[in-house]
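Student: I would like to learn how to read a structure I have not seen before. Where should I begin?

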Amino acid sequence: VFIPRAKGNIWLDPTKSAIPYGSLPAEDQDRWAFIVDGSGGKFLRTPIIPYDLNQHITRMKILAKEDGSASVEETWEEKGIWDEFYRSLYLPLKAEEREEKITSYMSEKFPNAKIRDIIFSKLEDLEIPFKASIKYEIRDILGQNENLLATKSDAEFLLSEYSWSSPSDLK
């Protein structure tokens, strides 16, 4: 849907329930659209959300303990197409199904992780960006298949900006 306005046009996709007002899902960006106006019609390209507004941000607070275990608070913040992706993944689920999905993902990532708490932002409110906070304990921080201090995002194609020491340097 195209809404012409003097202060900037608005593009909408009303078929997407996990997209905030005035945004377009990734598959609708940079596409040809035929716009009918008072003088007939014309083809226009739909806008592209700039890459810096499409972000998947993972933050981790790690409290390493002398016995080799660690308490971790991992926070996911999503913007743009990532907000749509994660919201559409978790919004249809019941609260316990969301927790099961996160727990399953984390147990694959860190097999000996014990989930303590999972908190989601208000997923129903499309004006509040998607955010999830996962608190968990790990028994052997350096013995993980995927070391906690050099972890990658679940989206394999995201560029990594991690520059941590190797596990052998940490022992």
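This is a predicted model: local features need pLDDT of at least 70, side-chain atom pairs count only at pLDDT 80 or more; totals for chains, interfaces and linings use all residues.

Student: Which elements does the chain have, and how do they run from the N terminus on?

Tutor: The chain has three helices and eight strands. Their order from the N terminus is β-β-β-β-β-β-α-α-β-β-α.

Student: What share of the residues counts as buried?

Tutor: A residue counts as buried under 20% relative accessible area. In this chain of 171 residues, that applies to 31%. The accessible surface of the chain is about 11100 Å², and carbon and sulfur atoms account for 54% of that surface.

Student: In which sense do strands β3 and β4 pair?

Tutor: The pairing of β3 (residues 32–37) with β4 (residues 40–45) is antiparallel and has six bridges. Together β3 and β4 make a hairpin, with two residues between the strands. Asp37 is found opposite Gly40 in β4.

Student: How is a pocket found?

Tutor: Rolling a probe the size of a water molecule over the atoms shows where empty space is left. Here, the second largest pocket holds about 250 Å³ of space.

Student: Which residues lie nearest the centre of the second largest pocket?

Tutor: They are Pro20, Ser23, Lys79, Gly80 and Asp83, out of 20 lining residues. Helix α1 (residues 81–90) supplies the largest share of that lining, with four residues.

Student: How does the lining of the second largest pocket divide by class?

Tutor: The lining has 11 nonpolar, six charged and three polar residues.

Definitions and conventions. Residues are numbered from 1 along each chain as its sequence is written. Side-chain values use heavy atoms; hydrogens and water are left out. Buried means under 20% relative accessible area, exposed over 50%, partly exposed in between (1.4 Å probe, protein chains only). Accessible areas come from the Shrake-Rupley method with a 1.4 Å probe; for residues, only the protein chains shown count as cover. On a 1 Å grid over the protein atoms alone, a cavity is a set of points where a 1.4 Å probe fits but cannot get out, and a pocket is an open set with protein on both sides within 12 Å along at least five of seven lines; lining residues have an atom within 4 Å of a point. Grid points are joined across faces, edges and corners, and a volume is the space filled by probe spheres set on the points. Ala, Val, Leu, Ile, Met, Phe, Trp, Tyr, Cys and Pro count as nonpolar, Asp, Glu, Lys and Arg as charged, and the others, Gly among them, as polar. Two strands pair if DSSP finds at least two bridges between them.
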